[in-house]
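Subject: Structure for you to look at

Hi,

Here is the structure I promised to pass on. Have a look at it first, then read my notes below.

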Amino acid sequence: MIIVESLKKTYETKIKKGFLKSEKRYVEAVRKLDMEIEKGQIVGLLGINGAGKTTSIKMLSTLLLPTAGKITVDGMDAVKDAMKVKQRINMVAGGERMIYWRLTGRENLWYFGQLYGMENKMLSERIDYLLNLVGIEEKKDVPVENYSKGMKQRLQIARGLINNPDYIFMDEPTLGLDSVISKELRAYVKNIARKEGKGILLTSHYMAEIEELCDYVYVLNHGEIIAQGTPKELAAVGMNKKILYLGIERGSAEISPIIDQACRAADHTAIVQNDTHEGTFIITSSLDLKGVISRTCIDHRLVINRLFEDEPKLEDAIIKLSKGA
Ligand SMILES: Nc1ncnc2c1ncn2[C@@H]1O[C@H](COP(=O)(O)OP(=O)(O)OP(=O)(O)O)[C@@H](O)[C@H]1O
């Protein structure tokens, strides 16, 4: 398990003040980060631009030294035992960084495997396995510059798995990919966690991706965790009113006051919008009015053809949480 305790990163920068003078400036990119990542789990790290996600991932990947706090990877300190920790982790970045275009897919994996000091036979077997896992075996001897965007990103994932890490940090892995390729890539990410038992930390600007993939989510704002929970729990935060959609067969002008009165009797703040001709209603209330509506329709012999609640959206919750903080 990875345990992150009170992690902090302050960048020190210099601003030019005149010809010879400069002034020191401090940016508190991460103020206090506490989180846990278990093997086989996909954990999301969310936040608006500049919240501190990339800085956090860089510290977890041992690329950046924390100013304060502690990261423990399976009992090992990520700063003191950095060399041992490096063997257990890896990072996958979005876009086209960290791969060499002139080299083939196989040559890229060979190069990165050698950086980990892997023995030739073992590395060769690992590469064959990974090329197969991410589905680019057929193109393994083609230079990467001839790969499609999706293939390059699958190669990125294979590169991130080259040292057979227990934990992978993925920073925007589907950045710039179209929805078909993103979907395909999400399936690979899921497989890596579920079948290979890897612990994954994922940042993404695509909320649907976080909702689909993550078991647990941390929301970062100005370098601090302001909320955490399952995507469903977090999405519910953004929704303080329930929105019900009701459809009634053979809509007529008489139905409208019946539904309106029944809803307002249960919750006087309820708002009922309707289209009598279509027999459709949108009901906004702080209470769950499904039972009231069903009973009213039965009493008045009205046939319901649809009654469903609007699903709360993670995106709305994140915006609300960030604004509130
Ligand atoms: N090398 C650096 N030196 C100084 N300040 C930095 C440096 N890197 C990042 N920052 C600042 O730290 C803060 C957090 O940046 P970071 O890139 O970690 O956020 P982020 O959540 O990943 O943002 P994005 O979603 O835009 O990538 C920002 O205010 C940024 O300007």
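In helix α1, the buried residues are Lys53, Thr55, Ser56, Ile57, Met59 and Leu60. "Buried" here means that 20 or more other C-beta atoms lie within 10 Å of the residue's own, while 12 or fewer makes it exposed and anything in between partly exposed; the C-beta atoms are placed from the backbone. That makes α1, residues 53-60, a mostly covered helix, with six of its eight residues buried. Helices (H or I, at least four residues) and strands (E, at least two) are DSSP runs, numbered from the N terminus. Just after α1, threonine 62 has a positive phi of about 65°.

Before you go on: this is a predicted model, where local features need pLDDT of at least 70 and side-chain atom pairs count only at pLDDT 80 or more, while totals for chains, interfaces and linings use all residues. Residues are numbered from 1 along each chain as its sequence is written. The chain's average pLDDT (the predictor's confidence in each residue, from 0 to 100) is 87, and 97% of the residues score at least 70. The model's ipTM is 0.95 and its pTM 0.78.

Now back to α1 and the ligand. Which element gives the most to the shell around the ligand? Helix α1 does, with three residues. β1 (2-17) and β2 (21-37) also supply at least two residues each. Among the surrounding residues are Tyr11, Val27, Asn49, Lys53, Thr54 and Thr55; to be near, a residue needs its C-beta atom, placed from the backbone, within 6 Å. By class, the shell has seven polar, four nonpolar and one charged residues (Ala, Val, Leu, Ile, Met, Phe, Trp, Tyr, Cys and Pro are nonpolar, Asp, Glu, Lys and Arg charged, the others, Gly among them, polar).

There's also an open sheet of four strands, ordered β12-β13-β11-β14, with antiparallel pairing. Two strands pair if DSSP finds at least two bridges between them. β12 (271-275) and β14 (304-309) are at the edges with a single partner strand each, so one side of each has no neighbour in the sheet. Five bridges join β12 to β13 (280-285), and isoleucine 271 sits opposite threonine 284 in β13.

Cheers
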